[in-house]
Amino acid sequence: MRTFQELGLNEDLLNAITDMGFVTPSDVQAQAIPLLLNEERDLVALAQTGTGKTAAFGFPMLEKIDIDSRTTQGLILSPTRELCLQITNELKQYGKYCNGLNVVAIYGGASITEQAKQVKRGAQIIVATPGRMKDMISRKLVDISKIQYSVLDEADEMLNMGFYEDITDILSHTPDDKSTWLFSATMPREVAAIANKFMYDPLEITVGNKNESTSNVSHEYYLVNARDRYQALKRLADAHPDIFSVIFCRTKRDTQKVAENLIESGYSAGALHGDLSQNQRDLVMKSFRNKQIQMLVATDVAARGIDVDDITHVINYQLPDEIETYTHRSGRTGRAGKTGVSMVIVSKSELRKIKTIERIIKKQFEKKDIPSGTEITEVQLMSLANKIHTTETGDEIDKYLESINELFVDTSKEDLIKKFFSVEFNRFFNYYQKSKDLSVVDARDGGEGRVSSNDTRYFINVGRKDGFDWMKLKDFLKEKLELGRDDVFKVDVKESFSFFNTEKTLQEKVLAFFTDFKHEGRFVNVEVSENKGRSGSGRRRDGGGRRRNSGGGRRRSDDRRSERRSSDKKPRRSDDSGNRGNRRSRRSNNDKPRGRRSEHSGSNFSGSDRPRRSRRK
Ligand code: ADP
Ligand code: MG
């Protein structure tokens, strides 16, 4: 594999690249950078979202422009304000050692005079949205008559958004002998037309199959009754406590409504769509980037070009009208070398669309069941246990601990752990106790699949953050345990832990192997899990559950106090619960599991309105 040095970049850029932690060039970078450095040529580059296109044109442009001159030499057009700012920031980072470099962003919804002032100070590079750029040209606030390099970034998106005329107009103010570099994820006819019209004998590079979605993304679908869509969404979120996701809806109205419902249900969610003001959109995006929002509900148009690297899941709450749009959606996850999951909630009538998408993305979907209450409860508890286990402690808390210790002076460690976790357990257990199985049997695959009481399901304390996805974990287990191809199944990888199944006959072998096994210096812990990895239907541990219930009864006054505290902070209506009739729940105002925002507000865990611990590091 080549290095950035071998691509021919100068010292200043190489230093910045090191600072940014880039080690090897991506495919599109490895191909485009030497070409652009060595030749004054037009270029068409097709590469998926997240493949590092910004650096592919950014590095050569920074290398080639004359920083000692104040003349505007490079113009980058990009479809949205978001992207425009993103590219500007990225270029500033690449060029941090290029003394005197001035990159200016030009976009609508902000003061045009301020932007004009910045340009006037001498901007070698302008990054602009077409609308505002055209505006500034017509008001003679910019001069692009000496441009040497122009970039059309996300050309397909720009044309989708109807910027053809603006682009034509803008380019007519640039010199004929400039080089034009066009970057796009796809090559529809309109893009080809632009290339024809504005480019001279362009070189073409294509990275990967142009319609193939990112290979780091796995695709799953969940078949539910249309009326259960929202409940299904909540369960998917509950089953992934560390979820950081974009949820796609078809219309602005649905987007707003789903976001509102999630917020009301206690999740940290936000809406992003075109009916919001620019200011509102900025705020939502800021919270999302800061991870104060875990679930960003968005329309396709509004989410275009969102570049947030750590998105763990894309959820298609509804499938897009244009099936091709699915690729754009799923490309929001699995970025920068990370793995991601694209989930689709479908009803029976839409099932055939899954086949169509499979043909387009050339990948198979995995059919999965909406997680059962038992599974969710377990996931939530283990996630909490893991967080507590790995929490770093400081001295600052010590002065508060004395009185807390006093309170528990007669409580054994076991009892304390039990009480502590029951706070979480009771909420989920009560909520999901009477909830139904949301999955619908797909007639095509003959129902239940491979589940039997002959299976053992295991919990293992490695997950996505250890670099596993379900395929990697399956391979890892097969290799370590020396098992056959189908011996490990139902592998479900969460952020910091995972589940998998084997035949019961293998249980002893599995547990014995993992009594003393280290992976990357850390002991790997495997335990038998209670749920079977398949939704609901009577698999709950009824005996255990009842016992816990009566235990919960004894503690009820304590519990209620903490619950009341949380409901004081954030009164919530109880309108979407599966167990409305449950008197006990109703009385404790606890008839739904709380989402991130307030789920721990009765205890001492982070809520998004407080200082948050950093996640997923
Ligand atoms: P695209 O424009 O193709 O969608 P971006 O240019 O926005 O992709 O890059 C996606 C992410 O990958 C950015 O966060 C960027 O900093 C990062 N990135 C780009 N090139 C590299 C590289 N060579 N090594 C590691 N990360 C990279
Ligand atoms: Mg880009």
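Predicted model: local features only at pLDDT ≥ 70, side-chain atom pairs only at ≥ 80, totals over all residues.

Author: Helix 4 (residues 81-94) packs with helix 12 (residues 278-289) at about 50 degrees, and their axes are 12 Å apart. The angle makes helix 4 oblique to helix 12.

Reader: What is the handedness of the crossing of helix 4 and helix 12?
Author: The crossing is right-handed.

Reader: Which residues in helix 4 and helix 12 meet?
Author: Helix 4 brings Arg81, Glu82 and Gln86. Helix 12 brings Gln278, Asp282, Met285 and Arg289. Of the residues in this contact, 4 are charged, 2 are polar and 1 is nonpolar.

Reader: New topic. How many residues has the largest nonpolar core?
Author: The largest nonpolar core has 40 residues. Leu9, Ile76, Leu91, Ile125, Trp181 and Phe183 have the most contacts inside that core. Helix 3 (residues 53-64) gives the largest share, 6 residues.

Reader: What is Phe183 in contact with, beyond four places in sequence?
Author: Its contacts include Val28, Leu43, Lys53, Phe57 and Leu152.

Reader: How exposed is Phe523?
Author: Phe523 is partly exposed because its relative accessible area is 48%, between the 20% and 50% cut-offs.

Reader: What does Phe523 touch?
Author: Leaving out residues up to four places away in sequence, Phe523 touches Asn461, Asp516, Phe517 and Lys518. Val462 is 61 residues from Phe523 along the chain, and their C-alpha atoms are separated by 9.7 Å.

How values were computed:
Residues numbered from 1 in each chain as written. Chains lettered and ligands numbered in written order. Heavy atoms only, no water. Axes fitted to C-alpha atoms, helices over the stretch in contact; angles between N-to-C directions. Helix = DSSP H or I, 4+ residues; strand = E, 2+ residues; numbered from the N terminus. Parallel < 35°, antiparallel > 145°, perpendicular 65-115°, else oblique. Left-handed = near helix turned anticlockwise from the far one by under 90°. Contact = heavy atoms within 4.5 Å. Nonpolar A, V, L, I, M, F, W, Y, C, P; charged D, E, K, R; others polar. Core = buried A, V, L, I, M, F, W, Y, C linked by side-chain atoms within 4.5 Å. Buried < 20%, exposed > 50% of the residue type's maximum accessible area, 1.4 Å probe, protein only.
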